[in-house]
Amino acid sequence: MTTFREVDLNCPCCGNRFESSTWGSTNTLGQETTDLYQYARGYQPLPLYIHTCDRCGYTGYRDDFQETEISEKVKELIKEKLTPLAMDEEAFPGQRYECAAWIAEWREIPSLAIGNLYLRAAYCCCVYDENREDESRYRRQAIKHFENAIQKKEVPEDQIAAYTYLIGELYRRVGERENAGVWFDQVPELVGQDPEKEWLVKAANQQKTDPKEFFDRFE
Ligand SMILES: [Zn+2]
């Protein structure tokens, strides 16, 4: 089961010191979705990975609160776009991941990390059954950033096949079957003879021909 604990955080944007909830322990005992979200059994801990300063709206992972250098330009953008939203820890978690993705874009961190923030925003919509329109929008943003990441060679070699599959599945989930097929079709060649990645070939084939929302465990 998932347990909570409190952490003290310093906001690198406005200097506010505040308490936030994080996870103490969690598990991977639930099902896995075909867009690679691993459910925990019981409570889903997605909101516990992300923190929001209740004064200025700065939002990010715990590590993002260790940052010391937030440029004036980024601080201005936070003040202009995030502070008015006055998000707190109760705010819808998908939206908070989106805010973290905006900050990541303003800070020009690698596309792969930005794509993963949008992917988590989409997971939140799915897991908590929230706004389905936002879900599609987040998936499209994740696709864009993952495609950039592959093009810019930011994706580690041994993860390229998995991200290629994932882009295909994200296209499928926003209803673009043709684009999904283009990415699924690249998976077998990228996997080659690697037995540990064989499941990606099966997954790509399944999602192209007889798609499912959750994986049955492949043998
Ligand atoms: Zn702050």
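User: What makes Cys11, Cys14, Cys53 and Cys56 the residues that coordinate the zinc ion?

Analyst: In this predicted model, the SG atoms of Cys11, Cys14, Cys53 and Cys56 lie at 2.3 to 2.4 Å from the zinc ion, and donors are N, O and S atoms within 2.8 Å of the metal (3.2 Å for Na, K and Ca), with water not among the atoms. Local features need pLDDT of at least 70 and side-chain atom pairs pLDDT 80 or more, while totals for chains, interfaces and linings use all residues. Residues are numbered from 1 along each chain, and side-chain values use heavy atoms, without hydrogens and water.

User: Why is the site of the zinc ion called tetrahedral?

Analyst: The angles among its 4 donor atoms are 102 to 113°, and four donors count as tetrahedral if all angles lie between 85 and 135 degrees, so the site is tetrahedral.

User: How do you know whether cysteine 11 and cysteine 53 are buried or exposed?

Analyst: Buried means under 20% relative accessible area, exposed over 50%, and partly exposed in between (1.4 Å probe, protein chains only); cysteine 11 has 4% and cysteine 53 has 0%, so cysteine 11 is buried, and cysteine 53 is buried as well.

User: What makes the lining of the largest pocket nonpolar, polar or charged?

Analyst: Ala, Val, Leu, Ile, Met, Phe, Trp, Tyr, Cys and Pro count as nonpolar, Asp, Glu, Lys and Arg as charged, and the others, Gly among them, as polar; by that division the lining has 13 nonpolar, 6 polar and 2 charged residues.

Methods
Four donors count as tetrahedral if all angles lie between 85 and 135 degrees; four count as square planar and six as octahedral if opposite donors are over 155 degrees apart and all others between 65 and 115; anything else is irregular.
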